[in-house]
Amino acid sequence: MSAPSLTPEIVLRTSPHLHSKRSVGVIMRNVVYAMLPVCAYAVYNFGISVLALLVVSTLSCVLTEHMFCRAAGRPSSIKDSSVIITGILLGLTLPPGFPLWMTAVGGFVAVGLGKMLFGGLGFNVFNPALVGRAFLQAAFPTAITTYTPAQATGRFLEFIPTSLTLPFMQPPVITDWVAKVRIDAFSGATPLTALKFDKVTTEIMPLFWGNVAGSAGETSVILILLGGVYLVARNFMDWRITASMLLSAMAMSGAFYLSNPTAFPNPLFMLFSGGLMLGAVFMATDMVASPVTPLGVWIYGAVMGVMTILIRLLGGLPEGVMYAILLANAVSPAIDNLTQPRVYGTKKKAEAKA
Amino acid sequence: MSLLSIFGGKRLQRGVHVPEFKEQTSQLPIRRMPFPPTMIIPLSQHAGAPAVAIVREGQEVVRGEPIAKSNGFVSVPMHAPATGRIERIALAPSARGELAPAIYLTPWPSASQEILYGAPQDIEHMTPEEIVKAVQETGVVGLGGAAFPTHVKMKVPEGKKVDIVMVNGCECEPYLTTDHRVMVEQPDEVLHGARIAMKAIGASKIIVGVEDNKPDAIENLRKAAAAYPYIAVESVPAQYPQGAEKMLIHVLLGREVPSGGLPSDVGVAVFNVATLAQIGDLLPRHQGLIERVVTFAGPALKKPGNYLAALGTPLRFALEQAGCTDEAAGVILGGPMMGPAISSLDMPLTKGVTGVLVLTRKDLESRNGDILPCIRCGACVDVCPLHLNPSRMGMLARKERYEEMETDFHLMDCFECGCCSYVCPSHIPLVQHFRIAKQMNRERKARERAKSNA
């Protein structure tokens with residue numbers, strides 16, 4: 001018996017020679033799996049319009065990334081699956097009856113402007129889905145605030161009339177349609193709109209289960225949390241950001257509530273309503289746009305939680321999650337710089353200089 | 001004491017759980033490997049100045065006879081691993097890839113191979129200085145892989161006080177089981193070596209740290225330590241890279257070795273268990289280090305095991321003995337997290353080789369994956385045992401901002417444990433980036449020095 005020559009077959013490379021199985025593709029695909037129950041419930045709650053909405057937004061995002069890669073002459077990066085997350089998230093944050101052609105434009109802007117122009121995965125400063133949504137909010141202010149009732153009759157058979165608006169056309173007014181399909185107790189107003197403009201606070205349990213009006217995927221707190229628990233259990237998500245955002249939002253709205261319980265809603269309502277839960281679990285934790293330092297992630301979450309409540313209670317808009325997250329995205333690099341961990345065996349910079 | 005050690009017991013908070021792969025060899029007793037037809041003894045098997053050969057070509061030597069002397073304090077002598085004839089003193093391949101001077105020795109098949117050198121010495125009545133000198137004469141260096149001359153660690157620098165001798169039995173690298181077997185089979189030698197070190201250093205306490213995946217080692221050491229009230233054997237939860245001395249000091253004592261400093265700065269001297277076992281065995285007889293236990297492991301070996309191999313055994317011969325198959329695609333010296341892959345089987349086993357891993361193509365390809373941009377997931381920041389920021393340093397390395405990595409992000413503290421590369425979901429070769437950055441910085445400084453001297 002003789003040892004093999006090991007030439008020319010020998011593999012030479014540098015240590016470490018082992019690698020964990022957790023790769024970008026695995027992480028991204030698991031985030032997609034975690035969002036599927038939320039998507040399923042959104043379709044159940046609002047009907048086939050949401051199904052079309054999610055398909056269009058995802059396809060638009062994927063195609064945009066593919067085209068940008070082709071135009072740049074490099075291999076398509078869609079197989080890392082991160083763009084699918086952007087597509088689904090964009091769809092989940094839009095009103096159920098949002099015109100499909102506008103959704104397609106939103107997907108193009110989200111990925112094109114929010115991601116590819118920065119250099120693709122890893123280089124985007126802002127969460128691409130929210131860039132797309134912010135664009136849509138500025139471009140189509142009426143359509144993006146037109147909400148339809150949850151659990152409308154016939155929602156699996158017919159589209160919400162606004163969904164099928166022809167390209168470059170304004171959507172029709174649907175007040176009459178809403179009056180026709182709504183079941184008692186389900187109004188088209190989202191809980192936050194009802195609060196802002198009518199001073200009506202919705203019960204907690206419907207918010208928790210999700211049978212209320214709102215953006216397609218933001219209504220079911222329980223399913224969003226389940227997705228989050230799955231991701232945290234499999235170590236695909238930074239729970240600290242979510243915890244920090246929710247705790248700070250709770251503390252902030254609690255402070256308002258205690259100062260004047262009649263003028264301000266209770267903290268639990270604030271926590272369960274609107275896009276806070278969806279944002280805290282699936283968008284705030286976007287790895288690319290969040291800090292990496294242990295202290296930084298807590299600060300980052302707190303910035304988003306506090307800003308959300310400030311915009312909701314003191315600003316002109318009923319909902320503040322989107323701008324809160326975008327703002328925190330913008331300051332994330334600064335947070336990172338200011339919270340560099342103390343390296344083992346060294347003193348803090350301030351101490352070292354003193 | 002760190003806050004966490006109060007709540008969570010003594011454990012390494014950072015680092016990674018790597019698959020251990022130790023079951024292949026952990027229960028295999030130490031066996032002797034036959035002598036090869038030719039031994040190659042490099043003159044530089046340790047950190048510090050290479051030894052100086054004191055034999056001629058053609059000279060006959062006896063097993064255990066000194067064949068090279070130390071060159072200065074940070075240097076150790078070499079001893080003949082077998083009775084035989086010095087063939088030549090010439091260049092031989094080394095793990096670093098370059099050729100280095102070595103003594104070629106042909107063992108005599110008919111010799112008794114009795115170790116005739118050395119005489120008993122009474123350690124009890126030796127002064128610390130005499131012990132340090134005697135340890136240097138054994139040629140023992142750190143057998144955990146660093147190969148730093150052991151006697152240097154036993155000489156406490158002026159103005160420092162070392163009160164604790166720490167015995168490192170973590171062996172946190174996957175596959176390796178040499179320290180494990182030494183602890184199981186030679187616990188008395190390990191503790192004897194530790195007591196010698198304690199006497200030389202003037203310490204008052206011995207702490208043995210062993211990872212809890214080696215319960216039989218812990219049990220045997222505790223039995224052996226029962227007679228000594230100043231020896232504590234601590235079991236710590238397995239976590240890579242706990243065996244790095246700075247990590248183990250922090251886990252067991254909560255003391256933090258300053259950046260750029262040594263364990264003696266915090267009153268500790270750390271020794272590997274196999275090193276101490278050799279000292280405990282060799283010093284009373286005043287003999288030299290001529291063999292060591294090496295783990296041969298990996299899926300491409302038919303006869304893996306823990307072999308007591310003569311120093312200077314060429315790898316090609318050693319792999320034949322361990323039943324290397326044609327599936328072998330890569331050979332790694334040491335553990336898979338930090339060990340270098342080697343390019344030549346004509347290099348010999350040296351004092352610092354803890355193990356030889358022979359991996360198949362499939363094993364090596366488990367690390368394959370497209371290198372994607374950093375997605376700033378922060379996994380590397382969470383695992384870095386030194387609390388460095390590998391993510392940021394990796395981005396700086398891409399832009400070749402090597403100087404900034406050193407001045408602002410403590411590049412030089414990185415000891416290349418590999419945790420960041422191991423967890424990176426984008427498969428960024430972070431450790432390799434850092435190695436290159438360190439080298440570039442060294443070269444830049446050398447250029448600057450040359451310029452200022454000119």
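Predicted model: local features only at pLDDT ≥ 70, side-chain atom pairs only at ≥ 80, totals over all residues.
A residue counts as buried when its relative accessible area is under 20%, as exposed when that area is over 50%, and as partly exposed in between. The partner of B:Glu245 in a salt bridge is B:Lys153, with an N to O distance of 3.9 Å. Because B:Glu245 sits in helix α7 (residues 245-253) of chain B and B:Lys153 in helix α3 (residues 150-154) of chain B, the pair ties together parts that are 92 residues apart in sequence. B:Lys153 has a relative accessible area of 29%, so this residue is partly exposed too.

Side chains of opposite charge can pair when their charged atoms come close. Over all chains, the structure holds 23 salt bridges. One of the pairs in chain B joins B:Glu291 to B:Arg32, with the closest N and O atoms 2.9 Å apart. B:Glu291 belongs to strand β13 (residues 291-297) of chain B and B:Arg32 to strand β1 (residues 30-32) of chain B, and the two residues are 259 residues apart, so that the pair links distant parts of the chain. B:Asp265 is partly exposed, with a relative accessibility of 35%, and B:Lys160 is partly exposed at 33%. Salt bridges also reach from one chain to the other, in a network that links A:Asp238, A:Arg240 and B:Asp382.

Attention now turns to the helices of chain A. Helix α10 of this chain covers residues 239-259 and contains A:Leu247. With 55% relative accessibility, A:Leu247 counts as exposed. Together with A:Val232, A:Trp239 and A:Trp298, A:Leu247 makes a nonpolar surface patch of about 400 Å². How do α10(A) and helix α12 (residues 276-283) of chain A pack, and at what angle? Their axes are 8 Å apart, and the angle is about 155°. Angles over 145 degrees count as roughly antiparallel, and α10(A) and α12(A) are therefore roughly antiparallel to each other. The crossing in which α10(A) passes α12(A) is right-handed.

The axes of α13(A) and helix α14 (residues 321-338) come within 8 Å and cross at roughly 150°. This angle makes α13(A) roughly antiparallel to α14(A), and their crossing is right-handed. Helix α13 spans residues 294-314 of chain A, and A:Thr308 is part of it. A:Thr308 has a relative accessible area of 0%, so this residue is buried. Although A:Thr308 and A:Met245 are 63 residues apart in sequence, their C-alpha atoms are 9.2 Å apart in space.

From the C-alpha atom of A:Gly228 to that of A:Trp239, 11 residues apart along the chain, the separation is 8.1 Å.

Some details of the backbone complete the picture. Most residues other than glycine have a negative phi, and most peptide bonds are trans. In chain A, the peptide bond from A:Ser15 to A:Pro16 is cis, with omega near 0°, and A:Pro16 lies in the segment before α1 (24-46). In chain B, a cis peptide bond runs from B:Tyr240 to B:Pro241, again with omega near 0°. B:Pro241 is placed in the loop between β11 (231-236) and α7 of chain B.

Where is B:Glu171 placed in chain B? B:Glu171 is in the loop between β9 and α4 (178-185), and this residue has a positive phi of about 45° although it is not a glycine. At 8% relative accessibility, B:Glu171 counts as buried. B:His387 likewise has a positive phi, near 60°, while being a residue other than glycine. This histidine lies in the loop between α11 (379-383) and α12 (390-398) of chain B, and B:His387 is partly exposed, with a relative accessible area of 27%.

Notes:
Residues numbered from 1 in each chain as written. Chains lettered and ligands numbered in written order. Heavy atoms only, no water. Patch = residues over 30% accessible without salt bridge, like charges linked within 9 Å, V, L, I, M, F, W, Y side chains within 5 Å. Areas by Shrake-Rupley, 256 points an atom, 1.4 Å probe, with all protein chains shown as cover. Salt bridge = Lys/Arg side-chain N within 4 Å of Asp/Glu carboxyl O. Helix = DSSP H or I, 4+ residues; strand = E, 2+ residues; numbered from the N terminus. Buried < 20%, exposed > 50% of the residue type's maximum accessible area, 1.4 Å probe, protein only. Axes fitted to C-alpha atoms, helices over the stretch in contact; angles between N-to-C directions. Parallel < 35°, antiparallel > 145°, perpendicular 65-115°, else oblique. Left-handed = near helix turned anticlockwise from the far one by under 90°.
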